[in-house]
Amino acid sequence: MSGNQTFTMIKPETVSKNNIGPVLKVINEAGFRIKAMKYTHLNKKQAGEFYAVHADKSFYEDLTSFMSSGPIVAAILEKENAVADFRELIGSTDPVKAAEGTIRKLFAESMSRNAVHGSDSDENAIIESDFFFSKTERY
Ligand code: CMP
C-alpha cells in the first residue's frame, strides 16, 4: 500500500442523517479517489473485531454497540500521503477540538458519534481495508 491509501468508515449517525453524499463530496473535493466502497451493517462481533485494538478501553462497549447500531459506508481512499492527509481532513477525534472546515467539525455530534473513522497508520490502513474488501473489490 506504501502510503497512498487509507481506509474510512462513514459512521451510523452520519448515514441516518442522510449525510453520506455531503461527506463523500468533501472527501472527493480534497483529492481522494475512491478505490473500493461498501454499504453494510456490522454486527456487534464484527464491530468488536474491527476495533479490537481498543478492547481494553472504557469506551469499547459503547463504541462497538454504536458502530453496530446501523449501516455504515466503508471505503478505501487513494491519494499521495493518504493517511496523514485524511486525518487532517477529518479533524480531531473530539469534534469540539476539530478545526474549522474538517469533516468532524462539519458533521460530528460527539467523541463517539464523530461522523467518520480514518486509519491512523499505513499498517492499520492495510489491516482495516483487508477487513472489508477482497482484492477483486478494489478498482
Ligand atoms: P475512530 O477514529 O473510529 O477510532 C476509535 C473510536 O473510538 C474513535 O473514532 C471514537 O469514536 C472512539 N473514541 C476514542 N476515544 C474515545 C473516548 N475517550 N470516549 C469515547 N469514544 C472514544
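Visitor: Leaving aside neighbours within four places in sequence, which residues is Lys-17 in contact with?
Guide: This is a predicted model, in which local features need pLDDT of at least 70, side-chain atom pairs count only at pLDDT 80 or more, and totals for chains, interfaces and linings use all residues. Residues are numbered from 1 along each chain as its sequence is written, and side-chain values use heavy atoms, with hydrogens and water left out. Lys-17 sits in the loop between helix H1 (12–16) and H2, where helices (H or I, at least four residues) and strands (E, at least two) are DSSP runs numbered from the N terminus. With contact meaning heavy atoms within 4.5 Å, the partners of Lys-17 are Phe-107 and Glu-109.

Visitor: Is Lys-17 buried, partly exposed or exposed?
Guide: Buried means under 20% relative accessible area, exposed over 50%, and partly exposed in between (1.4 Å probe, protein chains only). The relative accessible area of Lys-17 is 38%, so the residue is partly exposed.

Visitor: Which residues have the most contacts inside the largest nonpolar core?
Guide: A nonpolar core is a set of buried Ala, Val, Leu, Ile, Met, Phe, Trp, Tyr and Cys residues joined through side-chain atoms within 4.5 Å. The largest one has 19 residues. Helix H2 (20–29), strand E3 (72–78), helix H5 (82–90) and helix H6 (103–107) each supply at least two residues of this core. Those with the most contacts inside it are Ile-27 and Ile-103.

Visitor: How many residues are in the second core?
Guide: This core is separate, and includes Ala-47, Tyr-60, Met-67 and Ala-74. Its size is 16 residues.

Visitor: Is Ser-68 buried or exposed, and why?
Guide: Ser-68 is placed in the loop between helix H4 (60–67) and E3. Leaving aside neighbours within four places in sequence, Ser-68 is in contact with His-41, Leu-42, Asn-43, Lys-44 and Ala-47. Because its relative accessibility is 16%, Ser-68 counts as buried.

Visitor: What is the relative accessible area of Ala-115?
Guide: Ala-115 lies in the loop between H6 and strand E4 (116–118). Its phi is positive, about 75°, although the residue is not a glycine. Ala-115 is buried, and its relative accessible area is 0%.

Visitor: Near what value is phi of Asn-81?
Guide: Asn-81 is found in the loop between E3 and H5, and at 44% relative accessibility counts as partly exposed. Its phi is positive in a residue other than glycine, near 60°.

Visitor: In what order do the elements run from the N terminus?
Guide: The protein has seven helices and four strands. From the N terminus on, their order is β-α-α-β-α-α-β-α-α-β-α.

Visitor: What radius of gyration does the protein have?
Guide: The radius is taken over C-alpha atoms, and the globule rule is 2.2 Å times the number of residues to the power 0.38. For 139 residues, a compact globule would have a radius of gyration near 14 Å, and the protein agrees with this at 14 Å.
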